[in-house]
Amino acid sequence: MEDDGMEYRIIYIGQKPTPEQIEEINALKNRPIVFDEDSPELTEEQLKKFRRRFPRSRKAAS
C-alpha cells in the first residue's frame, strides 16, 4: 500500500478508544474539511438527494 498520508487502524468489536485516541478525535473536530477531486464539496441540490439506505426502525429511534 502506498503512503497516502492516511493512518489505518484495526478496531475490534467492543474495543474502547484509549485516552490518546479520544484526544486525537477531539483535536480533529476543530480542523477544517479539505475537499479534493476524490471528495469534492457537494452542492445543496446534491445533499438533498441523500437518502438512508436502510430507514431507521421506530424501535431504534426511541
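The legends below accompany close-up views of a predicted model.

**View 1. The largest pocket and its lining residues.**
In this predicted model, the largest pocket has a volume of about 220 Å³. Its lining is formed by Gly5, Met6 and Glu7, together with Leu28, Arg31, Pro32 and Val34. By residue class, this lining comprises four nonpolar residues, one polar residue and two charged residues.

**View 2. The second largest pocket and its lining residues.**
The second largest pocket holds about 190 Å³ of space, and the residues lining the second largest pocket are Arg9, Ile11, Gln15, Lys16, Pro17, Gln21, Glu24, Ile25 and Leu28. Of these lining residues, four are nonpolar, two are polar and three are charged. Leu28 belongs to this lining and is also among the residues that line the largest pocket.

**View 3. Ile11, a lining residue of the second largest pocket.**
Ile11 sits in the segment that precedes helix H1, which spans residues 19-28. Because its relative accessible area is 67%, above the 50% cut-off, Ile11 is classed as exposed, while Ile11 also contributes to the lining of the second largest pocket. Between the C-alpha atoms of Ile11 and Ile33, which are 22 residues apart along the chain, the separation is 24 Å.

**View 4. Gln21 in helix H1.**
Gln21 is located in helix H1 and, like Ile11, is listed among the residues lining the second largest pocket. With a relative accessible area of 26%, Gln21 is partly exposed, because this value lies between the limits of 20% for buried and 50% for exposed residues. The C-alpha atom of Gln21 is separated by 33 Å from that of Glu44, a residue 23 positions away along the chain.

**View 5. A nonpolar patch on the surface, formed by Leu42, Leu47 and Phe50.**
Together, Leu42, Leu47 and Phe50 present about 280 Å² of accessible area in this nonpolar surface patch. Leu42 lies in the loop that connects H1 with helix H2, the latter spanning residues 44-48.

**View 6. Glu45 in helix H2.**
Glu45 is found in helix H2, where a relative accessible area of 48% makes Glu45 partly exposed, since exposed residues are those over 50%. Glu45 and Tyr12 are 33 residues apart along the chain, and their C-alpha atoms are separated by 37 Å.

Methods
Residues are numbered from 1 along each chain as its sequence is written. This is a predicted model: local features need pLDDT of at least 70, side-chain atom pairs count only at pLDDT 80 or more; totals for chains, interfaces and linings use all residues. Side-chain values use heavy atoms; hydrogens and water are left out. Helices (H or I, at least four residues) and strands (E, at least two) are DSSP runs, numbered from the N terminus. Buried means under 20% relative accessible area, exposed over 50%, partly exposed in between (1.4 Å probe, protein chains only). On a 1 Å grid over the protein atoms alone, a cavity is a set of points where a 1.4 Å probe fits but cannot get out, and a pocket is an open set with protein on both sides within 12 Å along at least five of seven lines; lining residues have an atom within 4 Å of a point. Grid points are joined across faces, edges and corners, and a volume is the space filled by probe spheres set on the points. Ala, Val, Leu, Ile, Met, Phe, Trp, Tyr, Cys and Pro count as nonpolar, Asp, Glu, Lys and Arg as charged, and the others, Gly among them, as polar. Patches are made of residues with over 30% relative accessible area and no salt bridge: like charges are joined within 9 Å, nonpolar side chains (Val, Leu, Ile, Met, Phe, Trp, Tyr) within 5 Å. Accessible areas come from the Shrake-Rupley method with a 1.4 Å probe; for residues, only the protein chains shown count as cover. A salt bridge is a side-chain nitrogen of Lys or Arg within 4 Å of a carboxyl oxygen of Asp or Glu.
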